[in-house]
Amino acid sequence: MSLEKYKESNRHGTDDFPLGYYLVDHTHPRYQMPQHWHGETELLYIQKGRFLLRLDNKEYALEEGDLCYIASGTLHGGVAQDCIYECICFNTDVLLKHSSLIHDYLKDVEASHALIQPVFTKMQPEISKCAHRLFGVVRSMNPGWELLALSGLYDFYGTVIQQDYREKP
């Protein structure tokens, strides 16, 4: 199967700050998320309801408070069930790799596509706090939100590494 036909061409954010935020409810044209992939990493947070997410060939039943990490290049789509969800799509190369130290931390994570576990629940309070802060900052878009969003992304990746929220081979 050729995956090229599923490639999303939407631009997420701007050239200067390639991070896009999307609040999706039943009125949004992509409420039922068609199968697609893109070069950006995506965080999907379930505010309310349920969402049946398909990542490559696996399905995950998400519910309120769950966070999903979708690595760049991963084919994904889903079915919303009385749901409100938020997505942050971001380019890790531009946003996060400003130093060799950070680049070294993230290169293995991004290169493997599967090191970070895909689903986090409310039972993982450290990552839930990260998600709550990050989505709150991006949702508000108050002055300085971009700096706080970067901080939130660093917080997310740092917590993943510290808590070893990575899939085991």
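Glutamine 117 counts as buried, because its relative accessibility is 17%, where buried means under 20% relative accessible area, exposed means over 50% and partly exposed lies in between, with a 1.4 Å probe and protein chains only. The structure is a predicted model, in which local features need pLDDT of at least 70 and side-chain atom pairs count only at pLDDT 80 or more, while totals for chains, interfaces and linings use all residues. Residues are numbered from 1 along each chain as its sequence is written, and side-chain values use heavy atoms, with hydrogens and water left out.

Glutamine 117 is placed in the loop between α2 (100-112) and β7 (119-120); helices (H or I, at least four residues) and strands (E, at least two) are DSSP runs, numbered from the N terminus. A polar atom of the glutamine 117 side chain lies 3.1 Å from the backbone oxygen of valine 119. When residues up to four places away in sequence are not counted, glutamine 117 touches Tyr69, Gln124, Tyr165, Arg166 and Glu167, contact being defined as heavy atoms within 4.5 Å.

Cysteine 68, in strand β5 (residues 67-70), is likewise a buried residue, with a relative accessible area of 0%. Its contacts, again not counting residues up to four places away in sequence, are Glu42, Leu43, Leu44, Leu53, Leu55, Leu62, Pro118 and Val119. The C-alpha atom of cysteine 68 is separated by 9.9 Å from that of alanine 131, a residue 63 places apart from cysteine 68 along the chain.

Helix α4 (residues 145-162) has 18 residues, and the distance from its first C-alpha to its last is 25 Å, close to the 26 Å expected at 1.5 Å a residue, the expected span being 1.5 Å times one less than the number of residues. Within α4, the residues Trp145, Ala149, Leu150, Gly152, Leu153, Phe156, Tyr157, Thr159 and Val160 are buried. The helix is followed by aspartate 164, which has a positive phi near 55 degrees.

Eight aromatic pairs are present in the structure; rings of Phe, Tyr and Trp (its six-membered ring) pair if their centres lie within 6.5 Å, with planes under 30 degrees apart counted as stacked, over 60 as edge-to-face and the rest as tilted. In one of these pairs, the rings of phenylalanine 17 and tryptophan 145 have centres 5.4 Å apart and planes at 85 degrees, so the pair is edge-to-face. This pair links distant parts of the chain, with phenylalanine 17 in the segment before β1 (19-24) and tryptophan 145 in helix α4, 128 residues apart. Phenylalanine 17 counts as buried at 13% relative accessibility, and tryptophan 145 counts as buried at 12%. One aromatic cluster is formed by Tyr69, Phe120, Phe156, Tyr157 and Tyr165.

Side chains of opposite charge can pair when their charged atoms come close. A search of the whole structure finds seven salt bridges, each defined as a side-chain nitrogen of Lys or Arg within 4 Å of a carboxyl oxygen of Asp or Glu. Among them is the bridge between lysine 48 and aspartate 82, whose closest N and O atoms are 3.3 Å apart. This pair links distant parts of the chain, lysine 48 being in strand β3 (residues 41-55) and aspartate 82 in strand β6 (residues 76-90), 34 residues apart. Lysine 48 counts as partly exposed at 36% relative accessibility, whereas aspartate 82, at 61%, counts as exposed. Another salt bridge joins arginine 11 to aspartate 15, with the closest N and O atoms 2.9 Å apart, and both of these residues are exposed.

Key
A polar contact is a pair of N or O atoms within 3.5 Å; within protein, one must be able to donate a hydrogen and the other to accept it, and residues adjacent in sequence count only if both atoms are side-chain atoms.
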